[in-house]
Amino acid sequence: MPAILLRFTLLGFLALEPARSAPAAEEGDTRPNQASGRPRIGLVLSGGGARGVAHIGVLKALEELHVPVDYIAGTSMGAIVGGLYASGMSPDAIEQSLAKADWRYLLSDAPPRESRSFRDKERDARLNQNLQIGISQAGEIQLPVGFISGQKLLTKLRELTLPVRRIEDFDRLPIPFRAIATDLATGEKVVLGEGSLPEAMRASMAVPGVFTPYPIAGRSLVDGGLSSNLPIETVRAMGADIVIAVDVRPELKTAEELGSAIAVTNQMLDILIQRETLEQVRTLGTGDVYVRLDLPDAGSADFAGSVANIPAGYEGTMTHAGELRRVALSGRQFKSYLAAQRVPRGDSGLEISFLEFPGAAGVVRQSLARQISCGAGERVELWKLQQELLGLEGFRNTEVVDFRVIEEEGKYGLRLETAPKSRGSNYVNLGFDFDYSSSGETDADLLLSFRMTELNRLGAEWETFLSVGDRTRVFSELYQPIEPSRRFFLAGSVLYANEFISALDAADERLGFR
């Protein structure tokens with residue numbers, strides 16, 4: 001059945017509990033050992049949504065030219081590519097990971113269909129494409145603060161950075177690293193240089209309105225492009241003598257291209273980002289290198305096709321080969337540099353020895369423990385844990401917001417983090433359905449659902465569904481589990497339907513009736 005899809009323009013583009021590793025250098029000295037006797041080189045990777053995947057091509061070119069990178073500062077997608085490289089991944093490995101990624105899955109919050117309950121699948125079929133609005137018990141309307149929570153992407157970043165999970169100080173990564181975010185409450189630039197590496201990358205690319213803000217150290221953080229899209233001053237503060245700054249922001253649109261409110265809004269943000277970026281570019285000196293990548297056909301939201309931007313990143317960097325060769329190492333020196341930078345990747349599985357549920361007790365704790373399939377001593381992949389997390393049902397006023405793999409005395413455990421439900425426990429869903437036949441007939445319906453949840457201690461629900469348009473339907477159901485696991489339940493429903501039926505008479509004349 002064809003359906004109308006409301007599309008949103010993307011403007012920019014698991015937490016392992018970290019433990020401090022042994023310092024690779026003297027305490028307080030953040031300069032890489034391999035930089036001794038030569039200028040220290042800082043790489044700056046800008047934000048730009050899916051366009052930022054071109055940074056992988058930049059890294060390939062730098063390695064081909066034997067240019068070492070001693071510091072990295074990145075914003076948004078630049079923080080993701082830069083953070084992965086700083087963690088010891090090769091450019092080819094980063095490319096393979098992003099090329100294999102299911103971006104439709106990563107940039108959505110829906111659990112895998114096979115792990116969803118039959119009731120959820122039924123609800124989706126009735127409502128088609130829909131927007132959910134929460135209503136508190138006090139009657140307050142609760143709109144989502146972002147369309148995507150980013151939890152699946154965070155899990156993917158946790159998998160990719162698993163070998164450096166114990167490193168809390170980003171100066172002790174194979175390459176010292178900083179991610180740039182923006183404090184949503186103050187608008188201030190936030191430089192993230194410690195804590196969880198995947199969480200820092202996730203916060204840096206939290207495009208406001210699209211991704212939910214990410215909380216770190218009591219601050220609500222969003223995309224760093226709003227405050228410092230090309231953080232040249234950050235990498236200088238880290239100790240860089242020479243800066244290689246790579247800018248992938250889109251060019252401003254012409255007046256003829258600004259034909260919608262969304263295009264105008266995007267242009268306004270691009271103007272603000274461009275102004276701050278050019279101020280940073282003006283600080284570059286004669287020994288620095290500014291790489292402005294030309295990506296005319298690349299979209300900021302086209303993550304599925306983003307690996308196609310990598311060759312442009314490579315070619316754009318190679319046009320500066322003459323400048324870059326001035327800081328290149330010999331073959332032997334660069335081989336030694338790479339040996340220190342690379343960190344081997346194994347599988348993303350861990351053996352889980354224990355479970356923790358801080359903040360959950362009694363029936364809530366029992367309900368959550370029952371839904372986790374991995375047992376003590378079982379090896380499990382992080383992405384499978386994420387799928388289970390998305391399919392977990394909370395209980396009454398509690399929801400599962402994240403999970404952490406923790407380490408105690410050499411053993412790994414799974415900690416489910418619970419919190420009071422941020423929305424609900426009543427919900428309004430709005431949807432739209434549109435049918436078109438080859439004979440030119442169309443049907444259009446406005447869809448509305450009101451659902452009241454957790455009506456009693458066993459989790460009873462009452463839902464009413466309304467379809468108004470060419471088809472009129474009213475459906476109401478009371479769902480009552482009869483035991484805590486909710487495997488067994490009773491449900492009673494009523495349905496009223498008034499639909500237009502099209503048929504042919506004996507003379508092949510089309511008739512319509514209700």
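Reader: Is F170 buried or exposed?

Author: A residue counts as buried under 20% relative accessible area, as exposed over 50%, and as partly exposed in between, with a 1.4 Å probe and protein chains only. F170 has 0% relative accessibility, so F170 is buried. The structure is a predicted model, in which local features need pLDDT of at least 70, side-chain atom pairs count only at pLDDT 80 or more, and totals for chains, interfaces and linings use all residues. Residues are numbered from 1 along each chain as its sequence is written, and side-chain values use heavy atoms, with hydrogens and water left out.

Reader: Which aromatic pair does F170 form?

Author: A pair of aromatic rings is described by the distance of the centres and the angle of the planes. Rings of Phe, Tyr and Trp (its six-membered ring) pair if their centres lie within 6.5 Å; planes under 30 degrees apart are stacked, over 60 edge-to-face, and the rest tilted. The count by this rule is four aromatic pairs. One of them joins F170 and F177, which are 6.2 Å apart centre to centre with 40° between the planes, a tilted pair. F177 is buried because its relative accessibility is 0%.

Reader: How many residues of helix α1 are buried?

Author: Helices (H or I, at least four residues) are DSSP runs, numbered from the N terminus. In helix α1 (residues 55-64), eight of the ten residues are buried, so α1 is largely enclosed by the rest of the structure. Among these buried residues are H55, I56, L59 and E63. After α1 comes H66, with a positive phi near 65°.

Reader: At what angle do α2 and α3 pack?

Author: Axes are lines fitted to C-alpha atoms, for helices over the stretch in contact, and angles run from 0 to 180 degrees between N-to-C directions. Angles under 35 degrees count as roughly parallel, over 145 as roughly antiparallel, 65 to 115 as roughly perpendicular and the rest as oblique. Helix α2 (residues 77-86) packs on helix α3 (residues 91-100) at about 130°, with the axes 9 Å apart. The two helices, α2 and α3, are therefore oblique to each other.

Reader: Which residues of α2 and α3 meet?

Author: Contact means heavy atoms within 4.5 Å. From α2, M77, V81, L84 and Y85 meet P91, I94 and L98 of α3. By class (Ala, Val, Leu, Ile, Met, Phe, Trp, Tyr, Cys and Pro nonpolar; Asp, Glu, Lys and Arg charged; the others, Gly among them, polar), this contact has seven nonpolar, no polar and no charged residues.
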